[in-house]
Amino acid sequence: MDLETYARPHRRLVDERLLRNAKAEAEMIDVGKVPGNHRTLQDEINAILVDRANKVKSVVRLKGGDPFVFGRGGEEAEALHSAGVRFEVVPGITSPIAAPAYAGIPLTHRGHASLFTVVTGNELPGKEASAIAWDKLAQQGGTLVVLMGWENLAHIVETLIDNGKPLDTPVALVRWGTRPWQQTVTGTLENIFERAVEAKLSSPVVIVIGEVAALRDDLRWFDNRPLFGKRVLVTRTRTQAGVLAEELSLRGAEPIELPTIEIKPVEDFSRLDESLAGLNKYAWIIFTSVNAVKVVFERLDGLKLDSRAFHSAKIAAIGPVTAESLHEHGIVADLVPDRFVSEAILESFSGEDIQGRTILLPRADIARDTLNKGLAEMGADVDEIAVYRTVPPEASRKQAEAILEAGID
């Protein structure tokens, strides 16, 4: 078995951000199915799972929802068992529960529904008769949830009405549940099909039928957030984009991460190492980024030094994030300007006596020269050292073209 190779077959309903947790060398196999256009048949998926499991160390079959609830996980597990392949199942939150919840619809409610039933609206092709007792479901109370029923919506509605379900029964259609582009259409059995057509819905849709569907107006919480549905481009490096992306997600946006720079080490650290070995000659050390803090302390560690090496110098940080990074290494910055730009640091130094003082400025290779020039004009001797390089990622251009073509807000 090739211990360095990983395979991860996944489906189109899975949030692509999950795939970032995969190893860089992982083989990604898209086996997603679009209604009416199954790029990969189920038998082929089963064969892929068995084949990769016999060749590599680890295979993850990534699915949306729960693999054993209308997810064909049972069929795939049977194929693995027949081939003698060991497997484990990690249950998820199934879509008939998750999608209504994200639309503000509880499937049960003491005042409206004491039970719920989940059925498929797309049974195995070739069946002579439906295995679903629609006549019984029409008379049954509680909530009815129909998966994969979009193509048969008109027939489902007609069947329920013909079997006695009241015309004014509330209905909600939840498309792309839990995703930033979730869409929900509400109505009754009498008008839901027309409203769905008017809204230009398409699969995947979860159909919720019952009194609880009428609670959406009061209980919606996900798709009424201030940035819901907005696609926001975040151009920071992958390691630094996380906090902003999380804040955007919490407000309902879909953060699209496109790193436009990549942090690389400089080819020669000899100047930096020499300066770090003689830190007692510096009156001030100015950090203008978290990246600079990271590199400096990595080099200190290599020199068998720690934060005590800064005992004779004062420390400035361009902003609170950089200051926090320093604090994690046991350094409390002596100066943090109110504005996070070089000009603000210069304004802060206007009250400091730096005439004839030596200042260490570890920074990026292509940083602006505003700071070092301004300090020099104040009479300081500035030792500016490039401690990291910023370069454009190789794949960023193609990624940018694809993102812009898809559209961002």
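Predicted model: local features only at pLDDT ≥ 70, side-chain atom pairs only at ≥ 80, totals over all residues.
Good morning, colleagues. Five strands form an open sheet, and their order across it is β11-β15-β14-β12-β13. The pairing in this sheet is mixed. Which strands stand at the edges? They are β11, residues 262-265, and β13, residues 314-317. Each of these two has a single partner strand, so one side of each is left without a neighbour in the sheet. On average, neighbouring strands are turned by 25° against each other, with direction ignored.

Helix α9, residues 270-277, lies across β14 (358-364) and β15. The direction of α9 is at about 135° to β15. Helix α11, residues 320-327, packs on the sheet as well, where it touches β12 (284-287) and β13. The direction of α11 makes about 140° with that of β13.

I turn now to one residue from a helix and one from a strand. D273 belongs to helix α9. Is D273 buried or exposed? Its relative accessibility is 16%, and because the cut-off for buried is under 20%, D273 counts as buried. Beyond its neighbours within four places in sequence, D273 is in contact with R299 and L303.

The second residue, A386, is part of strand β15. With 35% relative accessibility, A386 counts as partly exposed. Which residues does A386 touch, if those up to four places away in sequence are not counted? They are V266, R363, A364 and D365. For a view across the chain, A386 and E25 are 361 residues apart in sequence, and their C-alpha atoms are 31 Å apart in space.

Next, the backbone geometry. In general, most residues other than glycine have a negative phi, and most peptide bonds are trans. P204 is placed in the loop between α6 (192-198) and β8 (205-209).

The loop between β6 (170-175) and β7 (183-188) also deserves attention, and W176 is located there. W176 is not a glycine, yet its phi is positive, at about 50°. This tryptophan is buried, with a relative accessible area of 15%. T178 is found in the loop between β6 and β7 too. T178 likewise has a positive phi, of about 80°, although it is not a glycine. At 30% relative accessibility, T178 counts as partly exposed.

Finally, the surface. What makes up the nonpolar surface patch of about 280 Å²? Its members are F68, F87 and V89. Of these, F87 lies in the loop between α2 (73-82) and α3 (95-102). F87 has a relative accessibility of 42% and counts as partly exposed.

That concludes the presentation. Thank you for your attention.

Technical notes:
Residues numbered from 1 in each chain as written. Heavy atoms only, no water. Patch = residues over 30% accessible without salt bridge, like charges linked within 9 Å, V, L, I, M, F, W, Y side chains within 5 Å. Areas by Shrake-Rupley, 256 points an atom, 1.4 Å probe, with all protein chains shown as cover. Salt bridge = Lys/Arg side-chain N within 4 Å of Asp/Glu carboxyl O. Helix = DSSP H or I, 4+ residues; strand = E, 2+ residues; numbered from the N terminus. Buried < 20%, exposed > 50% of the residue type's maximum accessible area, 1.4 Å probe, protein only. Pairing = 2+ DSSP bridges. Axes fitted to C-alpha atoms, helices over the stretch in contact; angles between N-to-C directions. Contact = heavy atoms within 4.5 Å.
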